[in-house]
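Please look over the sequence and the model first, and then read on.

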2 protein chains.
Amino acid sequence: MKDYIEVDEWRIIERGFNPHHNKVSESIFSLGNGRMGQRANFEETYSGETLQGNYVAGVYYPDKTRVGWWKNGYPEYFAKVLNAANWIGIDILLDGEQLDLAKCEVSDFYRELNMKKGYLERSFTAKTAVGKVVKVEAIRFCSMADDEAGAIKYTITPINFGGLLTITPFIDGDIVNKDSNYDEKFWDEVKKETWATGGYLQMRTKKTGFEVTTGQEFSFVQNGKVVSTSAQSIQKEKYIASKIELQAKEGESISIIKYAANLSSQNYNAADLAAKVKQTLVRISAKGFDTMLTEQAHAWAAKWKHNDIIIEGDAAAQQAIRFNIFQLNQTYTGEDDRLNIGPKGFTGEKYGGSTYWDTEAYCVPFYLSTADQKVTRNLLLYRYKQLGKAIDNAKLLGFNNGAALYPMVTMDGTECHNEWEITFEEIHRNGAIAYAIFNYVRYTADEAYLADYGLEVLIAIARFWSQRVNWSADKQQYVMLGVTGPNEYENNINNNWYTSTLATWCMKYTIEIADKVKAAEPAKYAALISKINFKEAEETARFKDIIAKMYYPYDEKEHVFLQQDGYLDKEQILVKDLPASERPINQKWSWDRILRSCYIKQADVLQGIYFFEDQYDIETIRRNFDFYEPRTVHESSLSPCVHSILAAKLGDEARAYEFYLRTSRLDLDDYNNDTEDGCHITSMAGTWMSVVEGFGGMRVREDKLSFQPFLPGKWKSFSFNVGFRGAILNIKVSAQGVQLKNLSGKETTVLVYGKPQLVKANHQLLVEA
Amino acid sequence: MKDYIEVDEWRIIERGFNPHHNKVSESIFSLGNGRMGQRANFEETYSGETLQGNYVAGVYYPDKTRVGWWKNGYPEYFAKVLNAANWIGIDILLDGEQLDLAKCEVSDFYRELNMKKGYLERSFTAKTAVGKVVKVEAIRFCSMADDEAGAIKYTITPINFGGLLTITPFIDGDIVNKDSNYDEKFWDEVKKETWATGGYLQMRTKKTGFEVTTGQEFSFVQNGKVVSTSAQSIQKEKYIASKIELQAKEGESISIIKYAANLSSQNYNAADLAAKVKQTLVRISAKGFDTMLTEQAHAWAAKWKHNDIIIEGDAAAQQAIRFNIFQLNQTYTGEDDRLNIGPKGFTGEKYGGSTYWDTEAYCVPFYLSTADQKVTRNLLLYRYKQLGKAIDNAKLLGFNNGAALYPMVTMDGTECHNEWEITFEEIHRNGAIAYAIFNYVRYTADEAYLADYGLEVLIAIARFWSQRVNWSADKQQYVMLGVTGPNEYENNINNNWYTSTLATWCMKYTIEIADKVKAAEPAKYAALISKINFKEAEETARFKDIIAKMYYPYDEKEHVFLQQDGYLDKEQILVKDLPASERPINQKWSWDRILRSCYIKQADVLQGIYFFEDQYDIETIRRNFDFYEPRTVHESSLSPCVHSILAAKLGDEARAYEFYLRTSRLDLDDYNNDTEDGCHITSMAGTWMSVVEGFGGMRVREDKLSFQPFLPGKWKSFSFNVGFRGAILNIKVSAQGVQLKNLSGKETTVLVYGKPQLVKANHQLLVEA
């Protein structure tokens, strides 16, 4: 836990130079625009602790799997997002002495992530080893308006000297992934060029053959005027630069404006990339830094208009929720159905930038409510397009007849993870993908999606579940053996209640949707079942038999759903009775001890109750919450939000708020001591859910939005926007009551505390407290 | 399955050159003398498929652990036996053309492992690319009489030419382990020297700092006479050699005799090694090749006198059992309590040459019966000496109060394995170590061992079990969660019947031995409990409570001990109903599918019944055997022997013989298609058990040996020796009955078919059929 970020409603601020926090700050102050992103590394050389990171969405490398002991079925490769060419680099020499904060006396260090306008600012005064003092101000951003572009304005003012300033803007492609399994370099150089005011470097990934061209164009402003300079081109293996020498006067500023473009062969012919990069550089430099910055502010204003949450009366909470939303917006814009949301976004390498079930279970609700429905549709299509590989993946594990097992971790649809207890057994992810389809359709009413894409995925998933269960002659019921639930502190367990519940729900929902599509779109239905050889009568009969005869563990004494068979054989010491010195158990205990314990990493039974809340009465929910939460250590960033929502549901406002706090400032306060690896992007969507579904009590009920809000004690008000079936509502909860503002041209009826409220187009109304 | 080894009662014979069998033959024809060993690589250069292997017992390297995903508690290193300097090398040039069988036309290839006399012989005729024909005869051995020495006689006869023969005997230390995790080389050179007739190379292992000096001394015989030669010394990094040029005449033989010595800093000061190697070389070369070979035959005759099994009427069975005994003798001689028995002995790198529970469960019975009791005592002392590290290992996993968990895999007492489901959970190994103490004492009556060493180990193991169980409030019994039994096709299961049964047996046995030692050796007892802070009353009370209230899964319908909780939820398709195309499942199925299946890798419940046979009536044994064996795929080399013994016990002679066949020729016929990695040394002891405990029906009953033999149908007779409490008996089973011959000066009473028979010293008697 750290506490060095200054509270501000719109800005993330760090004051003072703390080299040992630097990697944490590099994560927190990350920039991105959905297409590319980067950690907050310094522009100038820095020889201190740093984790260099520049990423281009969708550009990955299949790194050869490294395991201790191979298990049949493991994938040969782990696709990971690559650390790409560094485009921010500007090397500075002061009379030949390199500017490097690790070797200077630094004062007035200030770093700001301006979330309102979407830029990163940094300033400092540095005294070099020989005593030269300079002031530097740098501002940069990844353009949201022009998502292949970025720009930097880097201003140097000699404070106590005049002399020769050598400025070398560069593009460095000779970078490595820190998590490379065999210390390989993943990029080869294709070509490069330099010219008087810039240059580019084109690189190609090994194996996958993605090409990325990264270019720079620069200009100089001295004493308020553009100066023409003469640059010396430098070309090295995987590196281009231009060296400029300027005479600087004491007290007089020199700025370099560096425009960068980053284009990938995903979107252009590789042969055209260099020309396209040059065009982009010409276009953006013609536009100019200030105009680009203004465009950036406008683009962000549009985002915020859509998905800001405003909290009055608690600046720390306000800053935190905005930080979460800001990072989500930086990570994924929903415009490209080949992309997805890595757990660390563009803020680090960990988890390989790949897609997890986080997307469907946590991120979809956020994008469904706060973005155009095409964004979620693209997330769904991403999985639809990977259906073939999910079927291959299931085949590899012995399934057949078009059964699909979506991978635990993936980039392009193939499985990338290699822990047998996860890769082969944490199969509930398949259910989350079906649930996201259900969620999408209930928010958007886009039933056409089901006929065109959704049903095909659902049948493949239902087929998987129908093969994954087996008949227990002993129990005379179907059982599901050898699974790992969301609570990964249990491995290879039998009859995980959550997984079994989700599995039969998938089969039920598949039958329901098959019937619906068959009735509504008979021709499409016929074409589909012929294409995938779906033997409707026989296969649905099997689904129904399983639905009817599935075994779900239940404890008759505690009257709770049992997380898995045998859970109550464990020693039942509650988390509150565990000495603080033993926690977090994932750092303090050996793995087997964790597995034997009753401790739960993240919502498991409660995740199922969260998903299918309507099926359980409030007392059932309470009993299960009261039983499981005290056994939960919340050692996953995805845990507190579900608990916050359920606590709110149960009327326990204090605990709901407590869980919210654990998730909302997770990275800002480096709560788990791991932010240096990157921010917990996917769990940020969970924070949003805590506010909207927790404090706002938002649900979908009878095809309508329903709210059951309460106002956390410290807050004066909070408000958020939600899109639902074409209407956009702003909901503001305050002491006065619940204000509903319809921001769209479509009238809608919502339920507030159970009562229907018609909100006309572009009107507002107050439901008094 | 292969079938190219010629049947012979005393020899393993390969005829014809089969390069694609070469790695298998390299394993099968391996040599060793307990101190050093080697695969049957060729002396001359060979560019074809080969796995080079020279090993020095006890010289290991802690290779850095490689895992995909780290789990708390994993050891940082995996100690592995090192591939050491190659001392057999003799490079041959024929008029400058290298002799390399991969590049020649080879005829009359013959390879023989003479088990009676303990040497490897090879001969062939080779036609080189340019058409030169030579005949080569090579014979070599690792001396049993002088276990730091080896010798080679390598004879070349030009068949169709006369010319310049260049012979370069060398020592090559620039070798690698094929299984190195990070492609590191494990040896550094210390020093080297060459002289007119030899040289040495001294190497040091990285990290562990073992030094090994390997020397050679050579002489030449041409036309039956020793010739003096002038050698050109060659020294390269990690390599020494001497190049000799001789004029060879068509049809005239030239032999090189190469003596080698291999000394390690385990047994000498590193500074003295070079001098000692020189002394050894002087001594053995003075002795001469023929004398050494005669000594070798005598040493082996002594071994065979002790532990041969003679089978009349079935040469293949005779060859097989001798091969097993031969390899066991080559691997471990029991003279050094720092050494143990790697699963592959000196025949390959796999499993790192480390110690597994195989030693206690499978090898101890063999050595107990066939070798001086000090051999088993040394195996026990090996574990006693490692008790401190076993306590440290348990501490790392959260245990305390002197509880010990012996490692799954070890070289020096530290854990070396890194699969959580094995390393942390396959804890039954701890029980096997206690069982070996029990076994040793009942065979030897050496109760002093208990007071001096055994009890201390037993208490530490009992403490572990008493902490590893937990009280299930639900069951109102003690349970043992999260274990892996001998059947490794189940991971992280609850209440494995075998492990739980073994655990309470350990506690019972510990209490019994503690009482015994307390009564017999009160002073030693008092010293011990003070040293280890054993709170007798309190701790034994806890042991007794667990013994009284332990939960063992049992199925009331099948009336069998249940392998683990939930085993009967699995789909119960018997192995016989599994298509052949699906087997072996460990190659055909993904890991999760194996785990979910009912298939058993090796005896699990039945291993427990084998250990504690006396506790179960014959019908219980039969029900469990009839239930579990049909579900067992025997995909461990350790599986068939236990089933053979139990089938024999149940009177099913045909199946007992069938299981015996699967184990006895496992490597000779490359049954599992993996002999190229090395021979299955530890399971060879299981083969011996099949004959003695299976066909011979040997047990210990009421402090006496008991026999219940039967004669397999194909056999005329079989006989074996057993040492027991100072007496040595030869038992011969034939149609006439059971002949008992007392080879020792101590009379003994044994039970034959339940009836006591007194066998006087140096007398024999026949119990008629």
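## The nonpolar core

A nonpolar core is a set of buried Ala, Val, Leu, Ile, Met, Phe, Trp, Tyr and Cys residues joined through C-beta atoms within 7 Å, where a residue is buried if 20 or more other C-beta atoms, placed from the backbone, lie within 10 Å of its own. The largest such core has 431 residues, and those touching the most other members are Ala404(A), Ala460(A), Ile461(A), Ala404(B), Ala460(B) and Ile461(B). Leaving aside residues up to four places away in sequence, Ala460(B) touches Leu387(B), Ala390(B), Ile391(B), Gly402(B), Ala403(B) and Ala404(B), contact being taken as C-beta atoms, placed from the backbone, within 7 Å.

The model is predicted, and local features need pLDDT of at least 70, side-chain atom pairs count only at pLDDT 80 or more, and totals for chains, interfaces and linings use all residues. Residues are numbered from 1 along each chain as its sequence is written, while chains are lettered from A and ligands numbered from 1 in the order in which they are written.

## Helix 7 of chain B

Helices (H or I, at least four residues) and strands (E, at least two) are DSSP runs, numbered from the N terminus. In helix 7 of chain B, which spans residues 387–396, the buried residues are Leu387(B), Ala390(B), Ile391(B), Asn393(B) and Ala394(B). Seen down the helix axis, these buried residues fall within an arc of 160° (taken from the directions from the axis to the C-beta atoms), so they line one face of helix 7 of chain B.

The buried residues of this helix pack against helix 6 (373–385) and helix 10 (448–468) of chain B. Just after helix 7 of chain B, Gly398(B) takes a positive phi of about 100°.

## A sheet in chain A

Chain A contains an open sheet of five strands in the order 9-8-14-20-19, with antiparallel pairing; two strands pair if DSSP finds at least two bridges between them. Strand 9 (97–98) and strand 19 (231–236) of chain A stand at the edges with a single partner strand each, so one side of each has no neighbour in the sheet.

Strand 8 of chain A (residues 90–94) is joined to strand 9 of chain A by two bridges, and the two run antiparallel. Leu93(A) stands opposite Gln98(A) of strand 9.

## Where the chains meet

Between the chains, 41 residues of chain A are in contact with 41 residues of chain B. On the chain A side, strand 23 (470–472) and helix 15 (591–596) each supply at least two residues, and helix 15 of chain A gives the most, with five residues.

Technical notes:
Buried ≥ 20, exposed ≤ 12 C-beta atoms within 10 Å, placed from the backbone. Contact = placed C-beta atoms within 7 Å.
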